[in-house]
Amino acid sequence: MTEKAPPLSDERLVELSLEGDEDAFGILVQRYQRRLAAFLSQLVGDMELARELSQEAFVRAWSALERFDPKYRFSTWLFRIAHNLGIDQLRRRRLQTTSLYRTDSEGDEVEVVVPDLDKDPLGHLENRALASELRNIIDGLRPEYRELVLLRHFAGLSYQEIADFTEMPLGTVKNKLFRAHSVLRRALADFL
């Protein structure tokens with residue numbers, strides 16, 4: 001029985017792409033397309049537009065791949081490109097942005113979990129109402145909180161990746177996420 005080789009790192013895939021291996025960049029696209037689209041969807045509020053913007057982000061990343069600095073993470077660089085595209089889109093539409101996060105009683109970061117209520121028609125209706133309320137709460141957060149929440153929970157970036165992405169100290173990222181999670185927890189407690 002042969003063992004599977006471990007997946008190639010993002011950095012190695014970038015190297016292979018720069019050497020002309022288009023399949024290597026395809027692996028990067030597969031690795032990040034869902035997270036990127038989810039992040040952009042939350043940022044711009046439109047899934048179809050988010051898909052278009054994520055494709056544009058990959059095109060721009062491919063075009064600028066030789067300028068990628070391997071001392072940084074590829075994911076941080078890619079999400080920066082996507083973020084800039086999303087912000088440009090919001091500026092064109094002149095929408096306000098906000099940010100959101102959630103922590104538990106010990107101050108640890110916890111993923112926002114929406115219970116699966118789709119088991120019956122009433123549950124489906126309750127789930128839609130909860131999702132709508134959650135979106136309203138996220139939209140009502142201060143811009144810097146909303147961005148951090150989107151990066152953490154929809155883009156799936158680590159604290160360090162967020163710090164690199166936003167060029168904030170790691171402690172500041174954790175502090176702002178803690179505050180945003182507190183706002184989220186209080187708002188959801190009123191709804192639930």
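Let me start with helix α6, where Tyr145, Arg146, Glu147, Leu148, Val149, Leu150 and Leu151 are buried. Buried means under 20% relative accessible area, with a 1.4 Å probe and protein chains only. Helices here are DSSP runs of H or I with at least four residues, and strands are E runs of at least two, numbered from the N terminus.

Before going on, this is a predicted model: local features need pLDDT of at least 70, side-chain atom pairs count only at pLDDT 80 or more, and totals for chains, interfaces and linings use all residues. Residues are numbered from 1 along each chain as its sequence is written, and side-chain values use heavy atoms, with hydrogens and water left out.

Back to α6. The helix covers residues 143-154, 12 residues, and spans 16 Å from first C-alpha to last, close to the expected 16 Å; that expectation is 1.5 Å times one less than the number of residues. Just after α6, Gly156 has a positive phi of about 75°.

Now the whole protein. There are eight helices and zero strands. Of its 192 residues, 40% are buried. For contacts, meaning heavy atoms within 4.5 Å, residues 24 or more positions apart make up 67% of those with a separation of 6 or more.

Last, the largest pocket. Which helix gives the largest share of its lining? That is α4, with three residues. Both α4 (74-93) and α7 (159-166) supply at least two. The lining includes Tyr72, Trp77, Arg80 and Asp164.

Methods. Buried means under 20% relative accessible area, exposed over 50%, partly exposed in between (1.4 Å probe, protein chains only). On a 1 Å grid over the protein atoms alone, a cavity is a set of points where a 1.4 Å probe fits but cannot get out, and a pocket is an open set with protein on both sides within 12 Å along at least five of seven lines; lining residues have an atom within 4 Å of a point.
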